[in-house]
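Visitor: I would like to learn how to read a model of this kind, one feature at a time. Could you take me through it, with the general idea before each case?

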There are 2 protein chains.
Amino acid sequence: MKRRVEQCIEAIRKLDLDSLLISNPMNITYLTGFREAEGYLLLTAGADMFYFTNFLYQEEAKRVNAWKVIVGNDNVFSLIGDSIQHLHLKAVGFEAKYLPFLEYSKIYEYISGSSCSLIETIDLVESIRAIKTPEELSLIKKSIAISREAFEYILQIHDQASTEKDLSIEVEKFLRLKGDSQIAFSPIVASGKNSAFPHYLPQEVCLDRQFFLIDLGSKYCGYCADLTRVFFWGKMPPLFRTIYDTVKRAHNRSIKIIREGIKAKDVDRCARQIVERAGWGKFFGHGLGHGVGLAVHELPFLNHKSEEVLKEGMIITIEPAIYIPGKFGIRIEDMVLVTSKGGQILSGDVNQ
Amino acid sequence: MKRRVEQCIEAIRKLDLDSLLISNPMNITYLTGFREAEGYLLLTAGADMFYFTNFLYQEEAKRVNAWKVIVGNDNVFSLIGDSIQHLHLKAVGFEAKYLPFLEYSKIYEYISGSSCSLIETIDLVESIRAIKTPEELSLIKKSIAISREAFEYILQIHDQASTEKDLSIEVEKFLRLKGDSQIAFSPIVASGKNSAFPHYLPQEVCLDRQFFLIDLGSKYCGYCADLTRVFFWGKMPPLFRTIYDTVKRAHNRSIKIIREGIKAKDVDRCARQIVERAGWGKFFGHGLGHGVGLAVHELPFLNHKSEEVLKEGMIITIEPAIYIPGKFGIRIEDMVLVTSKGGQILSGDVNQ
């Protein structure tokens, strides 16, 4: 944690700020280990940390040695404003992607008239989070192992589940028992035609016994996995086979070109061109992948306009897909570690 | 849904706005029935509805007849800005509690130079949501029934669960099977000393066989329940009995004074005075309760500074509590319908 705080302070100084007000709960977890809660972390360039929270979390927050806890049940923003003034801070960064307009306004109100400015920052902590340490890598590997076991479990039990919802509940229970109580996201169990919806919610509809798509991820010590597999039984119709092969080719080829230094958009383009040349470009409407860590979707984002450059230690998903409305969708999603030598698939290479 | 949209338009007009940009996904669900997703709803005073979303949700969104779907994968904010200009809107309200500062800035950028203003609104749709229709009431009653069944289920199975986490996983599965796939919130299973943390996360620690506190809620057709029960076996120590009786008295008395027209803070004060007079005031640090509907915490909020007045059709929790750090906590939470004749307990009155 100490190293993370140091990196954050470096980034704060580089932007000529004297402090950062952190409101994204995952960034707070990343820097302190404290669980996601309602609160605000003020980190100064001098390495002081103040945590503003309410009665509900005060006892737990006080167990963290690294910060001073300030409890404000009525108006936490006036307390933040008071601290900013008391510490004589002049340039306080805030997380513009997360801080709601109203909260910004309230803090601004308390410091207006002083010589302090609130300054927009974007992805300051998130950029640090994008590069995983060896410890984080091993937690993510464990989370991936649990998620892969879940696919094996699905193969054992899917016959007994009558609906998408039933199967998703069983899978979710499995993920929770093996990993953290919390999971990375609610499993997507999309059977038959429903697979054509990328972010489908499982329904109380009968499981299609020929085909379903499952996207799932456990958490382990807070770290997410995110994998998608398609399951098919019986004789595969030609269109299905064509689409599957195209997605698989896009998946394999784009993973092959991953290495430190490549632009995220070039990896996206590699997969997208394969899908486009096969004639299915307009049915692959989302980005190729995203970083995974404490959050299931985090930096870097791989899409056609991303300016990010892949760096050693990033862990990303590669998930090309083709969704044919009213028919079916195929997505194959694996997790890949970026190294100087290339991309290393962390999630095996299972094709059911 | 039509009546809800009409109420919303009335509220928009009352504020001299010509439209409202809605970014809280639950407000969008409330007005359209569309599930929670990434998107923005622009509702004009002329009853036109535009939904801005991305590829992931486009096919599902197009099934909603009430709105025109505008898909923008790259920059949804420029599309919102374009629509605002194209429709010649001059006073666009936005939800200041939900819209992140960065998103506000981006939309502002696209319309700056025009004669349009973006105007902060607070709780516009939420105030409508606070009053439940008879249909909503029946869905919430069903959700409460499922949640009460879960407590019965806990009585049957707790002996087989070895840890807090195990029990919470079983309870969660029960709630999902009986209600929606999604639940209102992850169950709090806090055993022994851990009950002293109000928003506790269940851990892999052995269940205390004498005492645990469970706070849980299912969803049913999107509507939440939120109930807390304490379970005690064996001879109750005197301190525990005193605390329990105090909380129970605060619970019962405050429910008795609920009726249409009473101020939320007066109901809070009723419970708080009982706890304070018994000498435990500083251990009851949160509000007495909150509204429940599509969100598990919504308007009205019952606390010492709330200026809200209870109205017929509101459904609220009453959850006085005393938390003694390092020892234990007792919270008793029921759900109550506000009527002109008084408060009607919807969740029975179980004391395990």
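Visitor: Into which domains is chain A divided?

Guide: Some conventions come before the answer: this is a predicted model, in which local features need pLDDT of at least 70 and side-chain atom pairs count only at pLDDT 80 or more, whereas totals for chains, interfaces and linings use all residues. Residues are numbered from 1 along each chain as its sequence is written, chains are lettered from A and ligands numbered from 1 in the order in which they are written, and side-chain values use heavy atoms, with hydrogens and water left out. Domain bounds come from an automatic or database domain assignment, and for chain A they give domain 1 (2-129) and domain 2 (134-345). The centres of domain 1 and domain 2 of chain A, taken over C-alpha atoms, are 34 Å apart.

Visitor: How many residues of domain 1 of chain A are in contact with domain 2 of chain A, and what area do the two bury?

Guide: Contact means heavy atoms within 4.5 Å, and by that rule 9 residues of domain 1 of chain A meet 7 residues of domain 2 of chain A. Buried area is the accessible area (1.4 Å probe) that two parts lose on being put together, summed over both; for these two domains of chain A it is about 630 Å², with 54% on carbon and sulfur atoms.

Visitor: How many salt bridges are counted between domain 1 and domain 2 of chain A?

Guide: Side chains of opposite charge can pair when their charged atoms come close. The rule asks for a side-chain nitrogen of Lys or Arg within 4 Å of a carboxyl oxygen of Asp or Glu, and between domain 1 and domain 2 of chain A the count is 3. A salt bridge also joins A:K219 and A:E36, whose closest N and O atoms are 4.0 Å apart. Helices (H or I, at least four residues) and strands (E, at least two) are DSSP runs, numbered from the N terminus; α2 (25-32) and α6 (124-129) of chain A are the elements that give two or more residues to the side of domain 1 that touches domain 2.

Visitor: Which parts of chain A does the salt bridge between A:K132 and A:E298 tie together?

Guide: The closest N and O atoms of A:K132 and A:E298 are 2.5 Å apart. Because A:K132 lies in the loop between α6 and α7 (134-157) of chain A and A:E298 in strand β13 (residues 298-302) of chain A, the pair ties together parts that are 166 residues apart in sequence.

Visitor: How is chain B related to chain A?

Guide: Two copies of a chain are related by a rotation about an axis and a shift along it. Copies are superposed by least squares on the C-alpha atoms of residues with pLDDT of at least 70 in both, and here chain B is laid on chain A with an RMSD of 0.0 Å by a turn of 180 degrees and a shift of 0.0 Å along the axis. The two copies are therefore related as by a two-fold rotation axis. In chain B, the C-alpha nearest the axis belongs to B:P100, at 2.0 Å from it.

Visitor: What area do chain B and chain A bury between them, and which three residues of chain B supply more of it than any other three?

Guide: Chain B and chain A bury about 4,300 Å² between them, 60% of it on carbon and sulfur atoms. Of the area that chain B buries against chain A, B:F55, B:F101 and B:H199 supply 16%, more than any other three residues. In this interface 49 residues of chain B are in contact with 49 residues of chain A, and 100% of the interface residues of chain B are also interface residues in chain A, so the copies meet through the same surface.

Visitor: How many salt bridges are found across the interface of chain B and chain A?

Guide: The rule finds 4 salt bridges across the interface of chain B and chain A. The side chains of A:E172 and B:R176 also meet in a salt bridge, at 2.8 Å from N to O. On the side of chain B that touches chain A, α3 (55-61), α5 (101-111) and α8 (164-178) of chain B each supply at least two residues, and α8(B) gives the largest share, 8 residues.

Visitor: Where are the cis peptide bond at A:P300 and the positive phi of A:C221 placed in chain A?

Guide: Most residues other than glycine have a negative phi, and most peptide bonds are trans. A cis peptide bond, with omega about -5 degrees, joins A:L299 and A:P300, and A:P300 is in strand β13 of chain A. The peptide bond from B:L299 to B:P300 is likewise cis, with omega near -5 degrees. A:C221, which is not a glycine, has a positive phi of about 50 degrees and lies in the loop between β9 (219-220) and β10 (223-224) of chain A.
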